[in-house]
Amino acid sequence: MTVTHRPAPAPAADLVGLFPPGSHLDRDGELVVGGCRLTDLAERFGTPAVIVAETALRERARQYVRALAAHWPNSQAVFASKAFPCTAVIRVLTEEGLGVDVAGGGELAAALAAGADPARLVVHGNAKTDEELAMAVETGAGTIVVDNHDDIDRLERLVPAGAEQRVLLRVIPDVEADTHAAMATGHRGSKFGLAVPDAVRAAARLRASDRLRLEGLHAHVGSQLLETAPFARAVEALGALGELGEHAVYDLGGGLGVRYTYDDAPPSVEEYVRTLTDAARAQLPKGARLLIEPGRSLVAGAALTLYRAVTVKPGPRTLVAVDGGMGDNLEPMLYGQRFEATVATRVGGGAPCDLVGRHCESGDTLIRGVPLRDPRPGDVIAVPVTGAYCYSLSNNYNGARRPPVVFCHAGTAREVVRRETYEDLLRRDVPAGGEAQRTAVAGDG
Ligand SMILES: *Cc1c(COP(=O)(O)O)cnc(C)c1O
């Protein structure tokens, strides 16, 4: 992935445009999201905090629902919950009619807690354990995506006689996506799914099974894709496997990129869905059912992170250190993802600064060379487009308490996840000399 950014400071309007739709500056020039002033939110909920504009989240889901209804009615959008596995977010998206993609027991538990319809769950994972597969089968998960031959062995053991579990087979489409290597999943040698000769053998096994019903195929080429061609090539690769019948299911995965910086120009949801459905018309049976699994593109732009500047150090380039960092946003460190930022009360303009985190790593740099106008300690700093893979990858490094999630709508704010407490950090400690410890070693004689 090429990381580009404009060197010149951005006008305020460009910056506001990266925040959730409906965001604006008030009379004092302060950023307002979901009708709430960011400084008020920082005051009330503390920092760092993840702020979600609920209307923007719903509207994005509706874009998917509308585009699919217009171009391929026999279809379903499924939220890849790993992008933002927060119960309240999953609840909103299921209310909008989406199914839920889960990878593993924890995400399955979150989807169920959010009230997701088990029939609309799609269970993923390249290393699903017996425990997780049993959980999926017992839950009545609508679809399990078989990744490998061992999944088939396990499911043959776990699905009770007389029952039938619907499955899809994950195929490596052999498509190279122009994204960071850590986000590409559809290339030859990928750890996800089976390459074609092996996939054909697995399909034959599944067809012969009386407990597993092979409904169709799955492919996912990667994440943060900023062009449509690889998506069309993946549909072609699935079509080339053929022989699944007129009403087979084709799950085309997720991966649509989002606009993190001024220079990103991702396809719209409409363009993306049109690409997939055009390719499906050319390559797949007319009666096929299509699933798509957007994650990042559903949630990223609906949220932002608020920090407070703790110290501002002069130097070759001004360093602005905030009270969060790689504990709440690992995207810059894992994928080299570029973000933008602004002082909430002084939007636009300013000289390039390095926005750094509070963690004991030099790699804990959130944004290099980001223009901030006259940053001072105590300022609220807002980083837009943090709805995807930030909450999910947040961690307790340096004893960081994971941030709260706050929903804003029409001027009211409500916390849907509270900030972790120091007690939370110690909660799993087993008391020294306690009963639990003694029973754990009881088998040692
Ligand atoms: C991660 C993932 C997605 C979602 O990808 P995004 O880039 O967030 O849209 C969809 N399907 C599968 C199988 C995934 O692993």
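Beyond its neighbours within four places in sequence, I292 is in contact with Y64, L68, Q76, A77, V78, L252, G253, Y272, V273 and L276. This residue belongs to strand 12 (residues 289–292). I292 has a relative accessible area of 1% and is therefore buried, the cut-off being under 20%. The model discussed here is predicted. Two of the contacts of I292, Y64 and Y272, also form an aromatic pair with each other.

**Surroundings of I292**

- The contacts of I292 include Y64 and L68, both of which are among the buried residues of helix 3.
- Y272 is another contact of I292, and Y272 lies in helix 10 (residues 269–283).
- Between the C-alpha atoms of I292 and G411 there is a separation of 33 Å, the two residues being 119 apart along the chain.

**Aromatic pairs**

- The structure contains 4 aromatic pairs.
- One of them joins Y64 and Y272 in an edge-to-face arrangement, with 6.3 Å centre to centre and 85° between the planes.
- Because Y64 sits in helix 3 and Y272 in helix 10, this pair ties together parts that are 208 residues apart in sequence.
- Y64 and Y272 are both buried.
- Y260 and F339 make up an edge-to-face pair as well, at 5.1 Å centre to centre and with 75° between the planes.
- This second pair links distant parts of the chain, 79 residues apart: Y260 is in the loop between strand 11 (249–251) and helix 10, while F339 is in the loop between helix 12 (331–335) and strand 15 (342–343).
- Burial applies to both Y260 and F339.
- A single aromatic cluster is formed by Y64, F231 and Y272; F231 is one of the buried residues of helix 9.

- An α-helix has 3.6 residues a turn, so residues three or four places apart point the same way.
- In helix 9, the buried residues are P230, F231, A234, V235, L238 and G239.
- These buried residues pack against strand 10 (212–218), strand 11 and helix 10.
- Directly after helix 9, G242 adopts a positive phi of about 50°.

**Ligand site**

- The ligand is surrounded by 15 residues, of which K82, S223, E293, R296 and Y389 are the closest.
- The side chain of Y389 places an N or O atom 2.5 Å from an oxygen atom of the ligand.
- A nitrogen atom of the ligand lies 2.7 Å from a polar side-chain atom of E293.
- The backbone of G255 also takes part, with a polar atom 2.8 Å from an oxygen atom of the ligand.
- On its own the ligand has 390 Å² of accessible area, and the protein covers 92% of that area.

**Backbone features**

- The peptide bond joining T47 and P48 is cis, with omega about -10°.
- P48 occupies the loop between helix 2 (38–45) and strand 4 (49–53).
- N398 has a positive phi, near 60°, although this residue is not a glycine.
- N398 is placed in the loop between strand 18 (380–384) and strand 19 (405–409).
- With a relative accessibility of 30%, N398 counts as partly exposed.
- A410 is a further residue other than glycine with a positive phi, here about 50°.
- The location of A410 is the loop between strand 19 and strand 20 (412–417).
- A410 has a relative accessible area of 63% and is therefore exposed, the threshold being over 50%.

**D151 in helix 7**

- D151 forms part of helix 7 (residues 149–158).
- Its relative accessibility is 1%, so D151 counts as buried.
- With neighbours within four places in sequence left aside, D151 is in contact with G125, K128, L133, V145 and V146.

Technical notes
Residues numbered from 1 in each chain as written. Predicted model: local features only at pLDDT ≥ 70, side-chain atom pairs only at ≥ 80, totals over all residues. Heavy atoms only, no water. Helix = DSSP H or I, 4+ residues; strand = E, 2+ residues; numbered from the N terminus. Buried < 20%, exposed > 50% of the residue type's maximum accessible area, 1.4 Å probe, protein only. Contact = heavy atoms within 4.5 Å. Near = heavy atom within 4 Å. Polar contact = N/O pair within 3.5 Å; in protein donor to acceptor, adjacent residues only side chain to side chain. Areas by Shrake-Rupley, 256 points an atom, 1.4 Å probe, with all protein chains shown as cover. Phe/Tyr/Trp six-rings, centres within 6.5 Å; stacked < 30°, edge-to-face > 60°.
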